[in-house]
Amino acid sequence: MNFSRITNSSDVVDYSGDIVGPLEFNCSQYEFGKEPPNVTQHFDALGVVGLGFAYGGTASSGLLTLIFLIQICSNVRKCPWEWQRPLSWIISMPMIISWLSLTSFLVPRAANLCGIVKQSYMPFMLMHFLDLALMIDGDEEKVLEVLMDNRVPMSLCAAPCCFFGICCGSSIVTKRGFRALRRRVYQAPLWQFLLTMAAVVLEIAEINQFLPEHIVTPLFQTLAALNVLMYMLGSWGFNVIVKTFKGLERSNWNRRMKKAHALTLFIAAMKIQIFILGLLVDYSDYIPCAPPAVSPTHMKQSMDAMLSLMEALIFGIVFAFVFRVRISDIERAIKGDGTERSPNFYLVQNMQYPSTHQTYDAQS
C-alpha cells in the first residue's frame, strides 16, 4: 500500500515517486487502477476542502441523530403503537443517508457497499409511507371500499413518467389496479438492490478481462437502465396511489400530500444527482482527478457523498416539522368515520368486541 506525503503546496508525491496531486480536470491521459484510493491518498487529493467536509459531515450526522432521538421521544411515542414502526423508518431516513454518505466520503473503499445500501434504502421508504397512510386511514380494504363506492378516478399520469410524455389517462379505482401499483412500489427496493449488487460485483470481478469491450459496455448500460426503470416504476406507482388518496372525502392524516412531496423530493434529488455525475464521468472531463490514485470515478463518489450530506441535513430539518404528529391526527384516526374505536382496529380488522365501545365511552 502506498502512503502519500505532501512535498509542496501544489503536489502530493507517494513513496514510489508518482504524482498524486494536484486536482486536474483533464484526466483522459492518465491510467487509473481499479482499486479505490486509501484514506491517506483521498484526503491528500482533497486537501483542506476534504477535511472541512469530514468535520462538517460528522457534525451534521451527529445533529441528525440528535433530531431523530428527539422525534422518537417526543413525536413517535405518542402515536398508536402500530404507527410507530413505519413512522420511525421514515424519519430515520435523513440520519441513515447522512451516516452512509459520511462513511463513503471518509473511507473511499467502502463507497460501493454504502452505495448499494443507500440506493436500496431510499425506495424502501416509499413502501413504509404507503403502509403508514393505509394504517391511519383504516386499512387497504376500508380505503378501497371508500374509493370504489365513490367511483374515484385514478389518474395514471403522474411523475416521473409524465415528465417523459408517458401518460396513460385515467381509470376508476379497482382492487386489482390498486394492488398492482402497490406491488410496483414494494418491488422497487428489491430490484434496485439486485441490479446495483450485480453491477458492483461485475466491476470488482473485472469482467472486462474476460469479455470484449463491445459486450461489457452494453451489459453495464443495460443494468443501469434497468435500475433507473425499476425506480421510475416504483416512484410512478407511489405517486399515482398518493394522488388517488385525494379522493377520500376526509382523510384522517393531516397534510398527507406535503409529507409525500417532501419524501419523494428527497429521494429524487439524490437519484438525479448520481445520474448526472455518472454522465459527467462517462461523457465529459468536468469531474476532477488526482493521478494516479484518485480517478474521476472515485471523485464522483466523493462528490455524491458531499452533496448527500448537505441534502440530508436540509431534509432532516424539513422532516422534523413535516412529519410531526398532531394530537388532532390521532383523534381523527381513532374516531375515523365517526364511530369511536380503539387504534388497534387498524391492525386487526373486525376483531373488536361489543364491550370495546363501552370501555372507550367509560374512559372518555
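This is a predicted model: local features need pLDDT of at least 70, side-chain atom pairs count only at pLDDT 80 or more; totals for chains, interfaces and linings use all residues.

Trainee: Why is His42 called buried?
Mentor: Buried means under 20% relative accessible area. His42 has 2% relative accessibility, so it counts as buried. His42 is found in helix α1, residues 39-74.

Trainee: What makes the pair formed by the side chain of His42 and the backbone oxygen of Phe105 a polar contact?
Mentor: The cut-off for a pair of N or O atoms is 3.5 Å. Here the backbone oxygen of Phe105 lies 2.9 Å from a polar atom of the His42 side chain, so the distance is within the cut-off.

Trainee: Which residues is His42 in contact with, beyond its neighbours within four places in sequence?
Mentor: They are Pro37, Phe105, Pro108, Val294 and Ser302.

Trainee: Why is Gly278 called buried?
Mentor: The cut-off is again under 20%. Gly278 has 16% relative accessibility and therefore counts as buried. Gly278 lies in helix α8, residues 256-283. Its C-alpha atom is separated by 9.9 Å from that of Asp304, 26 residues apart along the chain.

Trainee: Which residues of helix α5 are buried?
Mentor: In α5, residues 140-149, these are Glu140, Val143, Leu144 and Leu147.

Trainee: How do you know that they are on the same side of α5?
Mentor: Because they cover an arc of only 95° around the axis, they are on the same side of α5.

Trainee: What covers the buried residues of α5?
Mentor: The cover includes α4 (111-136), α6 (175-204) and α7 (213-244). Just after α5, Arg151 takes a positive phi of about 50°.

Conventions: Residues are numbered from 1 along each chain as its sequence is written. Side-chain values use heavy atoms; hydrogens and water are left out. Buried means under 20% relative accessible area, exposed over 50%, partly exposed in between (1.4 Å probe, protein chains only). Helices (H or I, at least four residues) and strands (E, at least two) are DSSP runs, numbered from the N terminus. The arc is that of the directions from the helix axis to the C-beta atoms. Contact means heavy atoms within 4.5 Å. A polar contact is a pair of N or O atoms within 3.5 Å; within protein, one must be able to donate a hydrogen and the other to accept it, and residues adjacent in sequence count only if both atoms are side-chain atoms.
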